[in-house]
There are 2 protein chains.
Amino acid sequence: MQTIIGNAMIGQSGGPTAAINATLAGVIRGAAAQTSIGRIFGAVNGIEGLLEERIVDLGAQFDSEEKLEALAHTPAAALGSCRKKLPAYDSGDPIYQKLFSVFRKYGIRYFFYIGGNDSMDTVAKLSKYAAEHDSGISVIGVPKTIDNDLCGTDHTPGYGSAAKYIAATMQEILRDCAVYTVDAVTVVEIMGRDAGWLTAAAAVPKKYCGTAPDYVYLPERPFAYEQLFADIEAALKRHPNVVIAVSEGLRHADGSYVGAKSQSGTVDIFGHAYLSGTGRSLEAAIKQHFGCKVRSVELNIMQRCAAHVASATDIEESVRIGMAAVQCAAAGKTARMMAFSRRPGAEYAVDITEIDVTTAANSVRCVPDAFINEAGNGVTDACIDYILPLCEGELSLRWEHGLPVHAVIDKTPVGAPDPDLD
Amino acid sequence: MQTIIGNAMIGQSGGPTAAINATLAGVIRGAAAQTSIGRIFGAVNGIEGLLEERIVDLGAQFDSEEKLEALAHTPAAALGSCRKKLPAYDSGDPIYQKLFSVFRKYGIRYFFYIGGNDSMDTVAKLSKYAAEHDSGISVIGVPKTIDNDLCGTDHTPGYGSAAKYIAATMQEILRDCAVYTVDAVTVVEIMGRDAGWLTAAAAVPKKYCGTAPDYVYLPERPFAYEQLFADIEAALKRHPNVVIAVSEGLRHADGSYVGAKSQSGTVDIFGHAYLSGTGRSLEAAIKQHFGCKVRSVELNIMQRCAAHVASATDIEESVRIGMAAVQCAAAGKTARMMAFSRRPGAEYAVDITEIDVTTAANSVRCVPDAFINEAGNGVTDACIDYILPLCEGELSLRWEHGLPVHAVIDKTPVGAPDPDLD
């Protein structure tokens with residue numbers, strides 16, 4: 001039997017997904033089974049809570065498979081999240097000393113950070129600092145983002161569930177919009193700042209359900225009102241109920257956002273523009289041009305937290321990648337991001353791999369040309385073939401009183417372990 | 001064995017729900033089992049399609065339990081809907097002659113109309129005309145509306161599924177909003193022009209899930225910004241993530257709509273104002289007052305078509321009430337609206353009854369005082385006790401390729417039956 005080498009700390013960061021807690025459950029389960037790991041701590045609100053020593057004992061709180069399963073089926077970061085950006089690791093900023101003093105205080109040997117692009121930036125910086133200061137701490141990033149825009153992985157945990165929600169909701173919206181006979185255009189706005197993966201999921205019903213939005217506009221292609229109006233005019237000749245799916249990140253050829261007019265102009269801490277007006281801008285323009293009934297629908301935050309219709313494939317993979325992260329750390333590796341590698345062939349299968357975390361940090365993986373049709377207003381069958389397996393499978397959720405059962409983490413700080421006892 | 005007395009015609013009308021096709025499936029199943037009924041026709045787009053003889057053979061298209069079940073799990077009017085308003089039955093308008101000539105042509109003895117308030121107005125007028133002209137046709141209304149605002153019934157088919165979607169989505173939105181530590185207000189706008197039943201469903205997680213929106217504002221109470229700001233200020237002292245649920249139909253004490261500024265000012269054919277700006281109006285006002293992050297989320301048409309999370313109670317009852325409508329018609333009754341009567345006692349049980357259709361037509365049943373708290377910013381436990389059983393139970397849906405399987409009606413007109421053969 002191996003000796004305990006140290007404790008584990010887990011944090012969550014970035015925007016919510018339906019699968020981020022499945023990964024948390026996977027890391028807890030993996031760490032509990034790992035003889036080289038002692039206690040399993042969680043940092044409330046990511047590195048923000050780490051700095052303030054808001055630390056909970058996850059090993060104690062999730063000590064059964066039943067509790068871990070409830071956690072895996074709970075949407076949004078159960079530990080709380082943050083959007084804190086670290087300064088350069090060699091900036092001499094005292095924040096690093098503070099963070100590593102907390103690691104020492106809690107006997108941390110393994111730090112797992114579950115997050116998106118920006119969180120991988122944090123992982124990269126912390127691992128560099130850890131290595132340079134010979135701390136002996138393994139820092140491992142575990143990806144999550146509904147946006148599916150991380151480099152170095154076939155797809156990201158969280159994307160499949162968001163895609164399933166979008167595809168299922170789009171199928172329902174299409175049924176809803178088909179009931180009347182008067183000309184009407186419905187614009188469905190879907191998340192995705194720079195990459196159109198989520199918007200592309202709106203086309204999933206096309207292949208097998210015999211229904212699909214008339215057009216799908218991704219941010220990978222410049223947007224032009226002329227094309228939109230011509231497309232809608234052609235669709236209205238085919239049927240009265242036109243439905244289009246648009247990415248929140250649509251931009252004109254000059255790079256300006258289609259939704260810019262309806263925006264507050266503010267940017268988040270990472271400098272990303274905050275978009276929320278694309279659907280409404282298009283609604284107004286289409287109404288003015290065609291004079292028919294036009295409606296815009298935002299899938300809004302529901303698309304990232306709809307755990308009640310999560311993809312079983314996504315949730316199971318998200319647990320597995322969390323467990324694999326523990327193996328990676330226990331093998332003494334650091335500065336790694338866990339990733340999925342899809343096996344070639346018609347049948348869907350993935351292997352869990354790991355890559356240098358800097359590959360993923362601060363870069364964006366867009367929808368490739370082969371997945372977008374020539375007219376730039378739809379996706380190809382190859383794109384649907386890529387997305388479909390990620391949103392297949394349904395979970396056996398526990399429902400009580402009409403609602404899915406969620407796990408809640410007690411956020412009361414547990415205090416540092418007594419060095420004499422641990 | 002009874003002789004066939006005549007054929008049945010079914011139409012759907014008004015806005016979509018997740019249960020309107022369950023009622024359609026119930027009427028088809030009931031009519032197929034009824035020896036006095038010959039063929040089972042469907043009018044595409046309600047009385048609009050009836051006038052244009054867009055008639056399909058539902059009995060032939062849904063000739064198995066498997067097909068009926070797929071229909072019962074499909075959202076939005078599968079026959080298509082309409083919003084046509086009939087003139088007074090004694091106006092001498094030729095539309096009545098036309099409608100009844102179609103009934104004669106298709107050998108119709110039973111007409112079932114599935115719809116909301118306005119559709120019951122149609123049922124009332126058609127039955128009066130039928131009776132005065134001694135047509136021998138039974139006209140039966142079967143209610144459906146997510147709004148739950150029909151008089152004479154404990155609740156309406158379709159409400160339970162919408163309520164379940166709203167409650168489940170609200171629970172997820174609450175988890176999503178809880179992840180950050182900065183002050184933020186989320187306004188969730190929910191449908192309901194005059195009655196707050198749907199908005200009240202947002203409070204359902206409160207009783208058993210330990211989470212709930214901070215406030216729930218129903219259209220039954222006059223809205224005032226002073227109270228809203230005071231409420232939010234108090235909530236922000238308790239926690240940084242304030243979530244409120246608001247009805248699209250909120251009005252100031254002077255009767256003007258809160259969302260009026262963002263509206264197009266158009267009214268629908270029944271004279272109802274088209275509302276869609278309440279959440280956005282509140283978002284702007286709260287942002288201006290508090291200066292914190294504010295977001296508005298519209299549950300929009302998803303709340304009425306989210307069949308993937310339909311309430312099993314609602315769908316089963318919706319099938320049953322459709323079957324009961326056939327019994328009612330076969331007994332020679334007319335001008336009736338089918339209704340639910342809840343049995344007294346702690347355990348939920350309903351009986352299916354019928355009432356004079358004029359009781360339901362053109363009137364609105366609001367949330368009673370006993371269901372709204374004293375401050376007018378929340379609902380009582382009695383209200384949750386009323387709603388909860390309606391959204392309990394989960395369906396065993398058939399999923400294929402990641403999505404629920406829907407039924408599609410072939411809309412090709414079948415042509416009038418040959419009188420010599422039928």
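Along its principal axes, the C-alpha trace of chain A spans about 80 × 45 × 40 Å.

Quick housekeeping. This is a predicted model, where local features need pLDDT of at least 70 and side-chain atom pairs count only at pLDDT 80 or more, while totals for chains, interfaces and linings use all residues. Residues are numbered from 1 along each chain as its sequence is written, and chains are lettered from A and ligands numbered from 1 in the order in which they are written.

So, what is chain A built from? It has 15 helices and 13 strands. Those are DSSP runs numbered from the N terminus: helices are H or I with at least four residues, strands are E with at least two.

Now the helix pair. H1 (residues 20-33) and H13 (residues 312-330) of chain A pack at about 40 degrees, with their axes 7 Å apart. Axes here are lines fitted to C-alpha atoms, for helices over the stretch in contact, and angles run from 0 to 180 degrees between N-to-C directions. H1(A) and H13(A) are therefore oblique to each other; under 35 degrees would count as roughly parallel, over 145 as roughly antiparallel, 65 to 115 as roughly perpendicular, and the rest is oblique. Among the residues making this contact are Ala22(A), Gly26(A) and Gly30(A) from H1(A), and Ser318(A), Gly322(A) and Ala325(A) from H13(A). Contact means C-beta atoms, placed from the backbone, within 7 Å. By class, this contact has 11 nonpolar, six polar and two charged residues. Nonpolar is Ala, Val, Leu, Ile, Met, Phe, Trp, Tyr, Cys and Pro; charged is Asp, Glu, Lys and Arg; the others, Gly among them, are polar.

On to the sheet. In chain A, four strands make an open parallel sheet in the order S7-S8-S6-S9. Two strands pair if DSSP finds at least two bridges between them. The edges are S7 (215-217) and S9 (293-298) of chain A, each pairing on one side only. Neighbouring strands are turned by 20 degrees against each other on average, ignoring direction. S7(A) and S8 (residues 241-247) of chain A run parallel, joined by three bridges, and Tyr215(A) has Ile244(A) in S8(A) as its bridge partner. Helix H11 (residues 278-290) of chain A packs on this sheet, touching S6 (184-190), S8 and S9, at about 175 degrees to S9(A).

Chain B has an open sheet of four strands too, in the order S7-S8-S6-S9, with parallel pairing. In that chain, Tyr217(B) stands opposite Val246(B) in S8(B). Helix H7 (residues 159-177) of chain B lies across S6 (184-190), S8 and S9 of chain B, at about 165 degrees to S6(B).

Note on methods. Contact = placed C-beta atoms within 7 Å.
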